[in-house]
Amino acid sequence: MSWDYDTKIIKCPCGKGFISQQSKSDDWGRTEYYTPSIECSDCSQKYKVEMEQHFCHKWDGDGINYFLTPKDYPEYNGIKESDKFPAETSNIRKYNEWFTEKYTKAQLQSALNEFQEKKSSSKVELRESKEIAKEHKRVFNTAKVSEILHRLQQIIENYDSYIGNYEQRKPIRDEERKQRAAYTEEKRKHQIFLQEF
């Protein structure tokens, strides 16, 4: 199996140079796209390439949009969840913390009730129950209900004392989402969408 390389070229905004994007594809139908490069001395001084990931089906492309953004355009400086709850209280690699930050206490209690009722991780139906079982299997190499119940009871018991639980984070997450949407809407007015890529 070998990769075939291709380069697409479009004119830059000032028309004196170009913007290029390299891609590679193989015999299995896989294609990878590299970040576009500004090949113009004037435009490279004024702009930087930024990308935005969004959902799309495989047959519609790679789900990435590229924009030219003025280099002097200010970065987002609104409310941030990470400022209010720094990494020390937000280690999502830890099982208990991850579910404390992701779900309400009521949702976790519902999951606990379902595990107690069904007595098998393969029979649970709630979205959070399925995720709890799946992550437990990945992290602890077992989806045994007795072990899940023990850990879930610990999470619920410590929920209120945990700084940065879901219920504390939600208003900040919602406000950050709102502020970032307003920031992006304004930023779009100053960006150039590289529609050809």
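**A guided reading of helices and strands**

The buried residues of helix H7 pack against strands E5 and E6, helix H2 (81–84) and helix H3. These labels follow DSSP runs numbered from the N terminus, in which helices (H or I) have at least four residues and strands (E) have at least two. A residue is called buried under 20% relative accessible area, exposed over 50%, and partly exposed in between (1.4 Å probe, protein chains only). Contact means that heavy atoms lie within 4.5 Å.

The model is predicted: local features need pLDDT of at least 70 and side-chain atom pairs count only at pLDDT 80 or more, while totals for chains, interfaces and linings use all residues. Residues are numbered from 1 along each chain as its sequence is written, and side-chain values use heavy atoms, with hydrogens and water left out.

Helix H7 covers residues 166–188, which makes 23 residues. From its first C-alpha to its last, H7 reaches 31 Å, close to the 33 Å expected at 1.5 Å a residue. The expected span of a helix is 1.5 Å times one less than its number of residues. Tyr 166, Arg 169, Ile 172, Glu 176, Tyr 183 and Lys 187 are the buried residues of H7.

Three strands form an open sheet in the order E5-E6-E7, with antiparallel pairing. Strands E5 (47–53) and E7 (192–193) are the edges, since each pairs on one side only. Two strands are said to pair if DSSP finds at least two bridges between them. E5 is joined to E6 (residues 64–70) in the antiparallel sense over seven bridges. Within this pairing, Glu 50 has Phe 67 in E6 as its bridge partner, and Lys 48 stands opposite Thr 69 in E6.

How many of the seven residues of E6 are buried? Seven of the seven are buried, so E6 is largely enclosed by the rest of the structure. Ile 64, Tyr 66, Leu 68 and Pro 70 point one way from E6, whereas Asn 65, Phe 67 and Thr 69 point the other way.

The buried residues of H6 are Val 145, Ile 148, Leu 149, Arg 151, Leu 152, Ile 155 and Ile 156. These buried residues pack against helix H3 (95–102), H4 and H5.

H4 and H5 also meet one another. The axes of H4 (residues 105–118) and H5 (residues 127–140) come within 9 Å and cross at roughly 75 degrees. That makes H4 roughly perpendicular to H5. Axes are lines fitted to C-alpha atoms, for helices over the stretch in contact, and angles run from 0 to 180 degrees between N-to-C directions. Angles of 65 to 115 degrees count as roughly perpendicular, those under 35 as roughly parallel, those over 145 as roughly antiparallel, and the rest as oblique. On the H4 side, the contact is made by Gln 107, Leu 108, Ala 111, Glu 114 and Phe 115, which meet Arg 127, Glu 128, Ser 129, Ile 132 and Ala 133 in H5. These residues divide into five nonpolar, two polar and three charged. In this grouping, Ala, Val, Leu, Ile, Met, Phe, Trp, Tyr, Cys and Pro count as nonpolar, Asp, Glu, Lys and Arg as charged, and the others, Gly among them, as polar.

Most residues other than glycine have a negative phi. Lys 119, in the loop between H4 and H5, has a positive phi of about 60 degrees although it is not a glycine. Lys 119 is exposed, with a relative accessible area of 63%. Asn 141 lies in the loop between H5 and H6 and, although not a glycine, has a positive phi of about 65 degrees. Asn 141 counts as exposed at 62% relative accessibility.

Finally, strands E1 and E2 (residues 18–25) pair in the antiparallel sense over eight bridges. Asp 4 has Ser 25 in E2 as its bridge partner. The hairpin of E1 and E2 has six residues between the strands, and its Gly 15 takes a positive phi near 85 degrees. Thr 7 is found in E1 (residues 4–11) and is partly exposed, with a relative accessible area of 44%. Thr 7 and Gln 21 are 14 residues apart along the chain, yet their C-alpha atoms are separated by 5.5 Å. Not counting residues up to four places away in sequence, Thr 7 touches Ser 20, Gln 21 and Gln 22.
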